[in-house]
Amino acid sequence: MKSRFLALAAAAVALTGLAPAAAQAEGERFVLISHAPDSDSWWNTIKNAINVAGEQMDVEVEYRNPPTGDLADMGRIVQQAAASNPDGIIVTIADFDVLSGPVSDAVAKGIPVITINSGTEEQSKQLGAMMHVGQPEYMAGKLAGERAKKESGADSFLCVNHYITNPASVERCQGFADGLGVELGEQMIDSGMDPSEVKSKVMAYLNSNPDTGAILTLGPNSAEPTIAALDEMGQSGEIYFGTFDLSSGIADAIKAGTVNFAIDQQPYLQGYLPVVILTNYARYGVMPGNSINSGPGFITDSNIELVEKYAGQYR
């Protein structure tokens with residue numbers, strides 16, 4: 001009976017395509033590598049998530065990133081992380097071409113990899129990663145554009161792109177344009193991340209294009225200076241305004257009527273779930289069969305009170 005049970009268990013493992021793992025291991029070490037520069041506070045939620053998951057799972061989770069956001073530097077960090085032989089790597093696909101080599105090499109070494117945040121499920125599969133946890137960026141942008149079209153009738157817009165070297169950010173702007181049914185073209189600006197520069201570029205665009213019907217910003221780094229620009233120009237609440245992600249400043253703007261919606265990709269889940277999943281894979285050889293969409297969801301004045309107290313920590 002015992003030999004029959006073991007045979008059945010081995011067959012079940014083979015059918016799932018998962019290699020057996022050492023059960024009840026403790027103290028595993030994982031590395032999460034993001035593309036974000038040190039100045040990007042949005043990632044504080046993901047840092048909090050991996051700390052929570054690390055404590056709950058009794059594992060070590062290191063956070064690494066290129067200080068200036070340089071993607072070539074990020075590629076080197078992936079290589080360094082793989083050379084340290086962690087029990088798993090969690091990584092964003094900020095630029096597929098730049099990162100495909102380092103990430104694929106890590107997979108070839110037998111390191112379990114889960115991709116998060118930037119990139120697509122298809123790209124994740126091409127890299128050989130086990131799954132992707134994130135938001136389909138083009139679709140999120142398109143849903144935002146369709147919402148803006150329905151609620152405002154806008155046929156022109158400004159997309160304030162604070163991280164234009166990240167293809168996912170361009171996908172958001174392109175999706176928004178397609179949702180509105182207009183061309184993207186010069187309606188996407190490279191704002192950079194310096195708050196004063198973002199503000200001045202937004203003001204310059206709106207002064208040159210006074211008939212702009214909608215604004216889309218891609219996160220707090222572009223949203224909060226844009227909010228300040230509209231306040232200074234006396235146009236708060238006059239232009240339909242949607243943004244990605246949430247911060248205390250964005251929450252206040254939603255309540256004030258300046259921002260119509262924020263798209264929540266639930267970054268906490270992007271940090272938390274991979275740590276839990278990789279721990280269970282390391283200990284028991286189990287893995288979900290599909291990637292996980294952490295977003296998009298819409299935050300408006302009707303539900304902001306439910307989530308604002310967690311902004312920057314869990315939301």
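Let's start at one pair of residues: Leu32 has Tyr63 as its bridge partner in β2. Strands here are DSSP runs of E with at least two residues, helices are runs of H or I with at least four, and both are numbered from the N terminus. The model is predicted, so local features need pLDDT of at least 70 and side-chain atom pairs count only at pLDDT 80 or more, while totals for chains, interfaces and linings use all residues. Residues are numbered from 1 along each chain as its sequence is written, and side-chain values use heavy atoms, with hydrogens and water left out.

Back to the strands. β1 and β2 (residues 60-64) run parallel and are joined by five bridges; two strands are said to pair if DSSP finds at least two bridges between them. From β1 the chain passes through α2 to reach β2, a right-handed β-α-β crossover. Right-handed means that, with the strands pointing away from the viewer, the path from the first strand over the helix to the second runs clockwise. β1 also pairs with strand β3 (residues 88-92), again in the parallel sense, over four bridges, and there Val31 stands opposite Ile89.

How covered is β1? Five of its five residues are buried, where buried means under 20% relative accessible area, exposed over 50% and partly exposed in between (1.4 Å probe, protein chains only). In a regular strand the side chains alternate between the two faces of the sheet. In β1 both faces are covered, with Arg29, Val31 and Ile33 on one side and Phe30 and Leu32 on the other.

Next comes the largest nonpolar core, of 26 residues, in which Ile114, Tyr272 and Val275 touch the most other members. Such a core is a set of buried Ala, Val, Leu, Ile, Met, Phe, Trp, Tyr and Cys residues joined through side-chain atoms within 4.5 Å. β1, α2, β4, β5 and α11 each supply at least two of its residues, and α11 gives the most, with seven. Beyond its neighbours within four places in sequence, Val275 is in contact (heavy atoms within 4.5 Å) with Phe30, Ile50, Ala53, Gly54, Val59, Val61 and Ile90. Another core, of 25 residues, lies apart from it and includes Val160 and Ile299.

Finally, look at Thr115 in strand β4. Thr115 counts as buried because its relative accessibility is 0%. Its side chain makes a polar contact of 2.7 Å with the side chain of Ser124, and another with that of His132 (2.7 Å). A polar contact is a pair of N or O atoms within 3.5 Å; within protein, one must be able to donate a hydrogen and the other to accept it, and residues adjacent in sequence count only if both atoms are side-chain atoms.
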